[in-house]
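Me: I would like to learn how to read packing in a model like this one. Can we take it feature by feature?

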Amino acid sequence: MAGSSTEHAPDYRAILGISDEAARVRALDTHLSTRSYVRGFALSQADVDAFRQLSGPPADPQLFHVARWFRHVAAILGSSPATGPRCGLQATGRGWRAQPEWSPPAGSEPCQLRLYNSLTRRKDVFVPQDGRRVTWYCCGPTVYDASHMGHARSYISFDILRRVLRDYFKFDVFYCMNITDIDDKIIKRARQNHLFERYRGTQPQAAQLLEDVRAALQPFSAKLQETADPDKRQMLERLQRAVAQAAEPVEGALRAGLAGQELDGRVQVLLEEAKDVLSDWLDSLHGSEVTDNSIFSELPKFWEAEFHKDMEALNVLPPDVLTRVSEYVPEIVDFVQKIVDNGYGYASNGSVYFDTVKFANSEGHSYGKLVPEAVGDQKALHEGEGDLSVSAERLSEKRSPNDFALWKASKPGEPSWPCPWGKAYFENDCWVRYFLHTGHLTIAGCKMSKSLKNFITIKDALKKHSARQLRLAFLMHSWKDTLDYSANTMESALQYERLLNEFFLNVKDLLRAPVEVAAQFEKWEDEETELNKSFYKKKAAVHQALCDNIDTRTVLEEMRALVGQCNLYMAARKAARRRPHRVLLESIAHYLTHMLKIFGAIEEESSLGFPIGGAGTSLNLESTVMPYLQVLSEFREGVRRIAREHRVPEVLQLSDALRDDILPELGVRLEDHEGLPTVVKLVDRDTLLREREEKKRAEEEKRRKKEEAARKRQEQEAAKLAKMKIPPSEMFLAESDKYSKFDENGLPTHDTEGKELSKGQAKKLRKLFEAQEKLHLEYLQLAQNGGAP
């Protein structure tokens, strides 16, 4: 209630008893004239009762006190006598009327995120089990060699999906990755490396090395003959040829009696080329003698560290938690024991196998539901279990050929851990509901495989292209489809990067131009309205594409189209000698930057566009250097203007040299535009130098084409002049292979066989004769006037 005094609470009983409403309102007006109901007005129940008897304020302007009292009571109660709810009536000159009913707009159904689920082989609506929380297990690498572009394909793609789920769709993603540091490949590679280095340490003499290489090639050749896979057979044949070629110089040196450094150099080459052949041979002879467990841990530790370095270089986010197999052996033992206790595992000769038949026949379970057609594929099973598990002894331990090892018994020369079995866990058929598998990577259309030695390491790839360029190449393709890593693929990524970078640089230049605070908010014309409409359409299309299995390929195409529209808008403004609308373009540039940040293609330090000078330096470099460059640019413009006015070409040449030769070496590009200020851009130095070389090549090609065109014109003119010199009476006489007789004017009358020419042929030759007459006459006139040689 407004006010607090109740000392003069009114008594309306006599007034409210008046039956005639008009008389009652007049009596109330007389009574209210004696009260203060504006300041310190205390509302009583009597006021409320009197208020409720009125349908509205009086229309008679003489009843001033009732009208004011009515409005004050209505304001205090927040209601009218008729309706009660707050703001239920609006005052007008004709009294009170109801506010129209409000309803929200119909809107549109929001799209739902759908992901391609390898389990169902369709795009399923993504619904986390626990609110916005997503628990994601990512199968990490088996660390026994350098990470290659196949790894980059998987982990960059998963990094993009993770970032989109976290930063765009705002899920709380918990990302767990395992590191397989106990594996048949690791055990075999570590053991073979150890044995080869021990052999190398003995410094075998040339003759002994040749003898050992020949011995090692015997089982290798047998393996080659047994290999049916054409790709693997081709790889083994290449290795065999390389060893044979490296052995020949050693054999020749021994026959020639060479010694010293010349022989030692050839021996070292043979050692390197025959490393794989010798390692297999040494492993077959001495593998069981390796008992030091540290040998099997050093190799995966080294390659795991290299893997993390590669991921950091690719701007791949680290996992929230990393699980190494070697650190979870006790938990694995407990896990396997639970599977055995549930009846789905069995011990056999110190190993434990998963009973696929019993699991498949049990109620509520189905075996092989992810890839049903692969059940029974023994080749795939052997590849999964590893090289050390494919033996007659191992296979005889299984109840069914389809059973697979949960725990392997160690043999001599292999590491071991204590377990209940000698020196599937949850009863849940839907433990994991979404399976994501990235597409494979090919190299120039060919299958890539580490086992085939047909792979490109991440470090080698980063020597040719930046992490951003590799990521853009992956973004331009569907994450679940095969990606071909080729020159064409990377050129497309480079062109896309250049397109975006030029747009960002142009917007930055626009934003650097000094302008008053109010002046930056310019009136929108039709061009700005249309561009803004397109902007919002593109944002909606991007959202639809991300909901559709995180379709980054479509997203990048929509972003490309948006940049293209902005470029057309800026070009039109430039042609009209008008500056583009800075606020609108800044908004678009920030949106594109935001999306590229979500995709991991822009580091966090950059506020707009791609960073300059590497991570951590972009903002400081640009904000520090650009004011000085702007002053230099303005000074140069002034000098050029004076040089043009006073016709001093030497100064203009120096100005061009500053733009074309000096500043590019410092990573600075100046763009001169007629009638507009020079644009200053900070660009990667290597990019500018490459642009300069391309410009020089283009200019050289243009000059060459110009000279070629001039030469052709000269040849054509010379040929025309030579033709003009021939009198028409002589033009056919040289064609004795076509004609045998001519008339007095030199026109042919008979062909080579002596037959008279037809009328049609004669008519055609007559036209040629008359045309030559005109040309020759023109020549004679030129010669008479001194204009022809």
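Me: Which residues does Phe599 touch, not counting residues up to four places away in sequence?

Reply: This is a predicted model. Phe599 touches Ile160, Arg163, Val164, Arg471, Leu475, Leu546, Thr552, Val555, Leu556 and Met559.

Me: Which residues touch the most other members of the largest nonpolar core?

Reply: In soluble globular proteins, nonpolar side chains tend to be buried together. Here the largest nonpolar core has 118 residues, and Leu278, Phe503 and Phe599 touch the most other members. A second, separate core has 14 residues, including Leu28, Val66, Trp69 and Val73.

Me: At what angle do the axes of helix 24 and helix 25 cross?

Reply: Angles of 65 to 115 degrees count as roughly perpendicular. The axes of helix 24 (residues 685-725) and helix 25 (residues 759-784) cross at roughly 100° and come within 7 Å. Helix 24 is therefore roughly perpendicular to helix 25.

Me: Which residues meet where helix 24 contacts helix 25?

Reply: From helix 24, Lys720, Leu721, Lys723, Met724 and Lys725 meet Gln772, Leu775, His776, Glu778, Tyr779 and Leu782 of helix 25. The residues of this contact divide into five nonpolar, two polar and four charged.

How values were computed. Residues numbered from 1 in each chain as written. Predicted model: local features only at pLDDT ≥ 70, side-chain atom pairs only at ≥ 80, totals over all residues. Heavy atoms only, no water. Core = buried A, V, L, I, M, F, W, Y, C linked by side-chain atoms within 4.5 Å. Buried < 20%, exposed > 50% of the residue type's maximum accessible area, 1.4 Å probe, protein only. Contact = heavy atoms within 4.5 Å. Axes fitted to C-alpha atoms, helices over the stretch in contact; angles between N-to-C directions. Helix = DSSP H or I, 4+ residues; strand = E, 2+ residues; numbered from the N terminus. Parallel < 35°, antiparallel > 145°, perpendicular 65-115°, else oblique. Nonpolar A, V, L, I, M, F, W, Y, C, P; charged D, E, K, R; others polar.
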